[in-house]
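Here's a quick tour of some strands and helices. Keep the sequence and the 3D view open as you read.

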Amino acid sequence: MTRHLPGKEKHVSTNRHEDPKAWFMQARFGMFIHWGVYAIPGRGEWVMYREHIPAEEYAKLADQFNPKHYKPRDWVALAQDAGMRYMVLTARHHDGFCLWDTKTTDFSAPRTAAKRDLLAEYVDACHSMGMRMGFYYSLADWRFPGGLYCYPRDPAIDYEPMVAQAHSQIREPLTNYGKVDMLWYDGGHPGDIWRGAEMDAMVRALQPEIVTNGGPGTAGDFVTHEQNTDGDPRPWEACVTMNDCWGYVPSEKGYKTVMQLIGTLVTCASKGGNLLLNVGPDPEGRIPAAAVDRLRSIGKWMRVNGEAIYGSTRTVLRPPSEVGNATQVGNRQFLHIHAWQGSTLAMAWVGNRVTRARVLATGTEAQIEQKGDRVWLHGLPQYAPDPDISVIELEVEGEPRYPELRFHF
């Protein structure tokens, strides 16, 4: 029997009764990659804007961008080891530099120092290793008039050259690189200039099974929240940095702990959402060691506890906030405990009879005591079995539901 490791989800053909986009709501965890010529100065992906660098001066960075250590198969392997099930690479950020072989501009990797189609190499790695993948694409381009986010539309600016470029540039990778699972839009302001309905129709004609986070004036298949996990009634995702930066900043020291990052993933899953966790490779194409170490630690946790994350949904179970969060998969509910309570865990507001309780990290079966909606789990380890977040699986009778309470405190 071949073991199916977390993150190595294979592309499976769908029949006409299946939703070809359902994978997104099963995945729960992905890798965001901010990488481009802005990695050379190492002051973040907005360096051109923040330092008012003229386009002609900024373009010289492309003459230095020749990543000798860029090995996207290593990126994919790391994402899989972390338990991630999709990847999104910045094919083009607001600075206008394209990682692929575009016919729209010479400001691209194949036509400058790299002399390589860096996007094609990423696509090939994902396809060959069974990783779902997508492109980040910024509609706005700082090299054009109006590219610096005008609120609202400025009638003195002719936006059409920038709009026409966006349509042409989006068409290219969706036509030339085989199956694309996701298009991740950014920079769509002002929103009324982009011919959004036309753009969306083109995207879906070229890639019928693609998922998007909504282009200008179009709803998309999911919504993205930047740096917050507030949740959404629609399919949603949180894009979050490991530190305080999206792009490569070598002096950055503010990395979150492994427990904090796992906690963010659990929070997203408990609210029915995904976590798209960012890395910012250096100019040579290497992911910083601090990020690698954290991803490998998250992967170790996911190999034990991933069944409580993948395909999980919101649940009616409400553990005390001091204890942690909860997710649900079918009739199984999972307690993600960041404050271990010792050998007995007490909780309330349980609407079903609990038939089994098991610690995922150790396999320990708890003794269950239940009176109405109140439950006690006895015989647990005295100390937390996982140094980050420990998970207890509860099996219940029937569809999980809220208890019917008819009393007053």
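How many residues lie between β13 and β14 in their hairpin? The answer is two, and G372 in that turn has a positive phi of about 65°. Bear in mind that this is a predicted model, where local features need pLDDT of at least 70, side-chain atom pairs count only at pLDDT 80 or more, and totals for chains, interfaces and linings use all residues. Residues are numbered from 1 along each chain as its sequence is written, and side-chain values use heavy atoms, leaving out hydrogens and water.

**Strands around β14**

- Strand β13 (residues 367-371) pairs with β14 in the antiparallel sense over five bridges; pairing takes at least two DSSP bridges between two strands.
- Strands here are DSSP runs of E, at least two residues long, and helices are runs of H or I, at least four long, both numbered from the N terminus.
- On its side, Q370 has V375 of β14 as its bridge partner.
- Strand β11 (residues 345-347) also pairs with β14 (residues 374-378), antiparallel over three bridges.
- V375 turns up here too, as the bridge partner of M347.

**Helices α4 and α5**

- The axes of α4 (residues 72-81) and α5 (residues 118-129) come within 8 Å and cross at roughly 45°; axes are lines fitted to C-alpha atoms over the stretch in contact, with angles from 0 to 180 degrees between N-to-C directions.
- That angle is why α4 counts as oblique to α5: under 35 degrees is roughly parallel, over 145 roughly antiparallel, 65 to 115 roughly perpendicular, and the rest oblique.
- Where they meet (contact means heavy atoms within 4.5 Å), α4 residues including V76 and A77 face α5 residues including Y122 and A125.
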